[in-house]
Amino acid sequence: MSPNEPNSLRSFQRPDYSGFRTISALVRFNGMKFKSVIYYVFFCLWFIPVGSLAGEEERFSVSGHIKDSKTGEILIGATVSILNNGTGTTTNQYGFYSVKLEAGSYNLRFSYLGYEPLDATVELKNNLHKDAELTPRATTLAEVLITGKSTRTAVNNLEMGSIQLDIKQLKSVPVLFGERDVLKGIQLLPGVSPSSEGSSNYFVRGGEADQNHVLLDEAPVYNPSHLLGFFSVFNSDAIKDVKLYKGGIPAAYGGRASSVLDIRMRDGNSKDWTATGGIGLIASRLTVEGPIVKDRGSILVSGRRTYADVALKAVTDDADSLTFYFYDFNLKANYELGSRDRIYISGYLGRDIFTRKEAGFDSGNATMTARWNHSFNTELFLNTSLVYSDYNYGFRFAFGKAAFRLNSGIIDYSIKQDYTWYPNTKNMIRFGWISTLHKFKPGNFASESDTAAFFAPIEPQQALESGIYLSNEQKISRRFSMNYGFRVSLFNNIGPYTVKRYDDNKDVLDSILYGAGEFYNGYVGFEPRITANYLIDSSNSIKVNYNRMYQYLHILSNSVSSFPTDLWTPSTPLILPKIADQFSIGYFTTFLKNTLDFSVEAYYKTMHNLVDYKNGAVTVLNPDIEAELVFGKGRAYGIEFSVNKTLGTLTGWVSYTLAKSEKQFEAINFGSWFPARQDRTHNFSIVASWQVLEQLNISGNWIYYTGDAVTFPGGKYEIDGTLVNLYTDRNGSRMPNYHRLDLGVSWQFKPRKSWNSDINVSLYNVYNRKNAYSIDFRESETVPGTTEAVRLALFGIVPSVTWNFKF
């Protein structure tokens, strides 16, 4: 049975089991033959131990952590090179490394971009613990903004479609309102584009916004933006590491169809107490950090708040009834229990508040992560995490004496374990598991007055999502290496809930009531992940990748930007999980003495079981929302070019993406393929940073992309004397093409004995381009009976000034 068939044609009966569907039937149902799955699993389980143990002689391990010498912060992705034989490894997400070698004397080099390399000689006669602290490089030359590794490493490693963002350099990129923004930064990368003007929401390789998995210290953030998308929820002062996976997604990640954005908070300074912050035109921020016990534990507290409402009230009396602001609060603490154990606890709390007279809304995220790092020995590392995430929103409005409030949201409780095993210098094996309980609050419309009418609440839902994974990063020969593995994801709906089936007129045909705690629907997904790298020579390589992703959660939205009424819903017997298969191939090279690197990546992605609203759907507070949905498929393909300059006084990059993204629904556009809203044929960006003087930096970026695919009326017709717009092909028209230029200047003041500061002045949209945010069609006020298009542009030139300080 096709997943695109109408609801009324889907098979529907109470199952005679309470567990999962059989793996063989489900995998075959989702388009992958069961024999192929068995063969691939057998290959991984057989090849990993053979590759790991072949040719083993007596070997010893050298392992430890790599940190910043001034703050004690762990360095993620730092390189450990064995100069004697040309092998090496990198630190994991907790700064841990391990290398297994034969007995003897070895010269090690510890290195990380922006830090002075450190050389050490070790005598291996038994297992050795060796920590390293790297000193930040004292240089005024601007480093490349996006990379955590050298260009040669980008050629050699097995990562494809992934980019690391350097938070320390974000201050040199001019952005809207002068607020350093992680999500605005990644929108300048190839294959990534903003959802709309000024928005922090983004699309990756033709996928939709809900197909991006955003993680903050392993906790999912369901709405990563403030103020309807114009700011991200991430305070850059509290962030240490940001990594985006567009393709080649590791088996440890699952749950979304298009991308993973893994954001790690800073641990805090374990050496000294410091304070950093900034004061801008619309927001201020402050971060305080220091040791709990010097060199053993630290704590970081960071806060940010806008004061747009305060500014408005100062200049106009009409703003007296207006409350309009957001705030963020970050907390992280860690403590070393011993040489093998360290514990972490981190949390985030953010909220948007908007009220005016009788109406308003508030929404926000809250996350908490508790982690325990444990080294069993020099070869096996474990991280255990308990994760909590809560996204909720509320809407309030009144009519006369009647007042109403809408509440909705989603809560997650997760437990997970991730193991890393270093059997030798040629293999790094990762495996683990995760289980998450989702609680959905789809909508509760309550009365705040006795005179208000009664509205029945929408039935809440809950589900259990789990996954296990196994992967191996293996150097097969001097030129050829692979990262291969798989993930098995499992999803179950849990009662109490009433499952309904509908006919084509949206009427209920029948229903089944499931009791509390009853498992009534299940899915199993097999997700192979494989990447290969062939090194042509020391400066050129070719990489290929295939990965399959399952997504069991869906967002139901018909708005251009993130809006509080966007509804998260689980897969059900009627709403099948999204499935995305992506193939990609790329060429990577570095030239001009490793100061420039060039890459080109081509990809093709298919997506199944996409969800959209029917034409004329009732989308708000509808207990039968599944009757308003249609199901289809999509495809996206393109080619991405990128050139980065990483050294010198002038640094930056140029990226260009040529792409196509389409959808097909039987109930839309007569079953023909049509452009997705995020279909943007051309996406071009230039980013540059020029260190003019030791104290002076000038930066700029220019952005161009094809206008969104939209549905404009093609004519009019009359009903009872009223003219109504006639809409034809879905997304058959285009918004005007988008482009703008931003410029910024930073001046570093002379450092004082105990503090230093700088000032940043930026101009957003320098040449005042009136980019269209929306186009509305209405009857002309000057020529009755004719239709005019009204274009709304949100931003012209936007200046901003921010003073940053550090004590």
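Is arginine 740 buried or exposed, and what is its relative accessible area?

Tutor: Happy to! Arginine 740 is buried, with a relative accessible area of 12%; buried means under 20% relative accessible area, exposed over 50%, and partly exposed in between, with a 1.4 Å probe and protein chains only. Before going on, note that this is a predicted model, in which local features need pLDDT of at least 70 and side-chain atom pairs count only at pLDDT 80 or more, while totals for chains, interfaces and linings use all residues. Residues are numbered from 1 along each chain as its sequence is written, and side-chain values use heavy atoms, with hydrogens and water left out.

The partner of arginine 740 is aspartate 742: they form a salt bridge whose closest N and O atoms are 2.9 Å apart. The rule asks for a side-chain nitrogen of Lys or Arg within 4 Å of a carboxyl oxygen of Asp or Glu. Aspartate 742 has a relative accessible area of 0%, so it counts as buried too. By this rule the chain has 40 salt bridges.

Another of them joins arginine 304 and aspartate 328, with 2.4 Å between the closest N and O atoms. Arginine 304 belongs to strand 20 (residues 297–306) and aspartate 328 to strand 21 (residues 322–338), so this pair links distant parts of the chain, 24 residues apart. Strands here are DSSP runs of E with at least two residues, helices are runs of H or I with at least four, and both are numbered from the N terminus. Arginine 304 is buried at 5% relative accessibility, and aspartate 328 is buried at 3%.

Now set beside these the pair of glutamate 473 and arginine 430, whose closest N and O atoms are 3.8 Å apart.

Among contacts (heavy atoms within 4.5 Å) between residues at least 6 apart in sequence, 65% join residues at least 24 apart.

The backbone has a few details for you as well. Most residues other than glycine have a negative phi, and most peptide bonds are trans. Aspartate 217, however, has a positive phi, near 50°. This residue lies in the loop between strand 12 (212–216) and strand 13 (219–220), and is buried at 1% relative accessibility. Asparagine 768 has a positive phi near 60° and lies in the loop between strand 47 (756–764) and strand 48 (774–779); at 32% relative accessibility, asparagine 768 is partly exposed. As for peptide bonds, the one from glycine 495 to proline 496 is cis, with omega near 10°. Proline 496 is found in the loop between strand 28 (480–494) and strand 29 (497–502).
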